Amino acid sequence: MMTLQIENARPEEKGLLISLLKEADLLTEDLPEGLSNFLLAKEGETLVGVAGLEQFEQVGLLRSVAVSPVHQGQGIASRMVEQLLAGADEQELQAVYLITTTADRYFDRYGFTAVDRQQVPEAIQQTRQFSGLCPSSAVVMKRTLKHQTA
């Protein structure tokens, strides 16, 4: 039985995080400087998973969800995603978006649904991920949170 700790990423762990994201074929060019709102899953000293949530006013962008291949299928990503979504609720965000080329079916289980790129808030559209790093064929998904304004 492995002991998994999920903790907030520290700036000095950026190199570890980047190597795991590259292994998963995910973007690393636009990671936020201090890695705030990024979670790392570790087994002992070994990094086995990462997930992040960037906040833009009342909306968030879920990104960089990756688990090392040998640790996949153990619910690690799920624990990190649920923790980030709970945090988004606590921050009273109205919605969380994500951009994916491969994992849209995976995120269905968290209540994310595909949305038209034109319906995405400007704050998200202005991210490097939305505006250029991810291909225009990528699926944009949204999960509405409890704190919507009427």
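**Lys42 in strand β2.** Lys42 is buried, at a relative accessible area of 8% (buried: under 20% relative accessible area; exposed: over 50%; partly exposed in between; 1.4 Å probe, protein chains only). Lys42 belongs to strand β2, residues 38-43 (strands are DSSP runs of E, at least two residues; helices are runs of H or I, at least four; both are numbered from the N terminus). Its side chain makes a polar contact with the side chain of Glu7, at 2.8 Å (a pair of N or O atoms within 3.5 Å; within protein, one must be able to donate a hydrogen and the other to accept it, and residues adjacent in sequence count only if both atoms are side-chain atoms). The model is predicted: local features need pLDDT of at least 70, side-chain atom pairs count only at pLDDT 80 or more, and totals for chains, interfaces and linings use all residues. Residues are numbered from 1 along each chain as its sequence is written, and side-chain values use heavy atoms, with hydrogens and water left out.

Six of the six residues of β5 are buried. Ala95, Tyr97 and Ile99 are buried on one side, and Val96, Leu98 and Thr100 on the other. In a regular strand, side chains alternate between the two faces of the sheet. β5 pairs with β4 in the parallel sense over four bridges (pairing needs at least two DSSP bridges). Here Gly60 stands opposite Val96. From β4 the chain crosses through α2 to β5, a right-handed β-α-β crossover (clockwise from the first strand over the helix to the second, with the strands pointing away from the viewer). β5 also runs antiparallel to β7, residues 139-144, joined by six bridges. Tyr97 stands opposite Lys142 in β7.

**Ser78 in helix α2.** Ser78 is found in α2. Ser78 counts as buried, at 19% relative accessibility. Ala51 is 27 residues from Ser78 in sequence and 9.8 Å away in space, C-alpha to C-alpha.

**The largest pocket.** Its volume is about 730 Å³ (a pocket is an open set of points on a 1 Å grid over the protein atoms alone, where a 1.4 Å probe fits, with protein on both sides within 12 Å along at least five of seven lines; lining residues have an atom within 4 Å of a point; grid points are joined across faces, edges and corners, and volume is the space filled by probe spheres set on the points). The lining has 31 residues; Leu26, Val65, Thr102, Ala103 and Phe107 lie nearest the centre. β4 gives the largest share, six residues.
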